[in-house]
Amino acid sequence: MIEPRVLILCPLAREWRMLTEALRRWGAAEPVDGLRLVAAYFPAWHALIAQGGHGKTQFAVQAQYLIGRFPGAGRVICAGAAGSLVPGLSVGDVVVGTETVEHDFRLLFATRPLPRFAGDPAMIVELRRAASAISGCQIAFDVIASGDEDVVTGERAGAIRAQTGAVCVAWEGSGAARAARFNQIGSLEIRAVTDAADEEAPQKFDANLPVAIGNLALLLRGWLSQS
């Protein structure tokens with residue numbers, strides 16, 4: 001019987017595969033049959049880790065699908081890679097999103113603040129506790145920018161930083177947050193830094209993804225073990 005309490009979705013197949021393989025070092029995983037997307041279940045942690053899809057809309061659709069299939073799950077996490085928007089974050093550092101801001105939500109008929117989605121407070125407290133036991137990388141708790149855009153210039157990265165106050169940028173977080181909010185369950189975005197969201201980002205992403213996802217796995221393992 002698969003009864004997940006937490007759904008962890010990774011946007012890309014590579015991110016999902018790396019994270020699942022890393023977590024298998026500490027806990028046994030079971031294949032999940034009968035789903036429309038790739039997933040693995042860790043019974044000791046009551047956690048289902050699945051591929052969420054690329055882009056905010058696809059991620060929201062697949063998050064909603066899993067929430068519907070597993071109504072006992074009360075928490076959704078978007079977990080993957082990100083580009084840093086500040087000098088203080090280096091490759092391999094992990095950001096727990098106190099808030100996810102949708103930077104590409106552009107209104108031209110009216111003026112309103114950008115959509116912002118607060119991270120689940122209880123999960124943040126638990127992750128702070130888990131982070132205190134991790135060394136070798138920085139675990140930051142701060143704002144994450146979300147938008148369907150590859151940020152590959154310093155100029156654009158600076159603009160998003162000024163627009164949102166975020167410390168890193170990725171794609172899918174607001175999709176997960178919207179699905180969770182619609183279902184009235186907790187959500188959180190957690191991202192590991194692979195690049196500086198600049199001209200070298202495409203190459204750095206590929207080269208640094210294993211290190212970034214490895215550190216992300218360390219944090220999730222600590223959190224899942226305690227909760």
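Which element supplies the largest share of the lining of the largest pocket? Helix 6 does, with four residues. The legends below describe close-up views of a predicted model.

**Figure 1. The largest pocket and its lining.** The space in this pocket amounts to about 420 Å³. Its lining consists of 24 residues, and those nearest the centre are Ala81, Asp150, Trp171, Asp195 and Phe205. At least two lining residues come from each of helix 1 (13-23), strand 5, strand 9 (168-170), strand 10 and helix 6. By class, 13 residues of the lining are nonpolar, three are polar and eight are charged.

**Figure 2. The contact of helix 3 with helix 6.** Two packed helices are described by the angle between their axes and by the distance between those axes. For helix 3 (residues 121-131) and helix 6 (residues 201-226), the angle is about 115° and the axes lie 9 Å apart. Helix 3 is therefore roughly perpendicular to helix 6. The crossing of helix 3 past helix 6 is right-handed. On the side of helix 3, the residues in contact are Met123, Glu126, Leu127, Arg129, Ala130 and Ala131, and they meet Leu219, Gly222, Trp223 and Gln226 of helix 6. This contact comprises six nonpolar, two polar and two charged residues.

**Figure 3. The contact of helix 2 with helix 5.** Helix 2 (residues 56-69) packs with helix 5 at an angle of about 35°, and their axes are 7 Å apart. Helix 2 passes helix 5 in a crossing that is right-handed. Helix 2 contributes Lys56, Phe59, Ala60, Ala63, Gln64 and Ile67 to the contact, while helix 5 contributes Ser174, Gly175, Ala176, Ala179, Ala180 and Phe182. Among the residues of this contact, eight are nonpolar, three are polar and one is charged.

**Figure 4. The largest cavity and its lining.** Rolling a probe the size of a water molecule over the atoms shows where empty space is left. One cavity of 30 Å³ or more is present in the structure. The volume of the largest cavity is about 80 Å³. Of the 14 residues that line the largest cavity, Thr100, Ala177, Ser187, Leu188 and Glu189 lie nearest its centre. Two or more lining residues are given by each of strand 5 (75-84), strand 6 (94-102), strand 7 (116-118), helix 5 (173-182) and strand 10 (186-195). The lining of the largest cavity divides into seven nonpolar, five polar and two charged residues.

Methods. Residues numbered from 1 in each chain as written. Predicted model: local features only at pLDDT ≥ 70, side-chain atom pairs only at ≥ 80, totals over all residues. Heavy atoms only, no water. Axes fitted to C-alpha atoms, helices over the stretch in contact; angles between N-to-C directions. Parallel < 35°, antiparallel > 145°, perpendicular 65-115°, else oblique. Left-handed = near helix turned anticlockwise from the far one by under 90°. Contact = heavy atoms within 4.5 Å. Nonpolar A, V, L, I, M, F, W, Y, C, P; charged D, E, K, R; others polar. 1 Å grid on protein atoms, 1.4 Å probe; cavity = no way out; pocket = protein on both sides within 12 Å on 5 of 7 lines; lining within 4 Å. Points joined across faces, edges and corners; volume = space filled by probe spheres on them.
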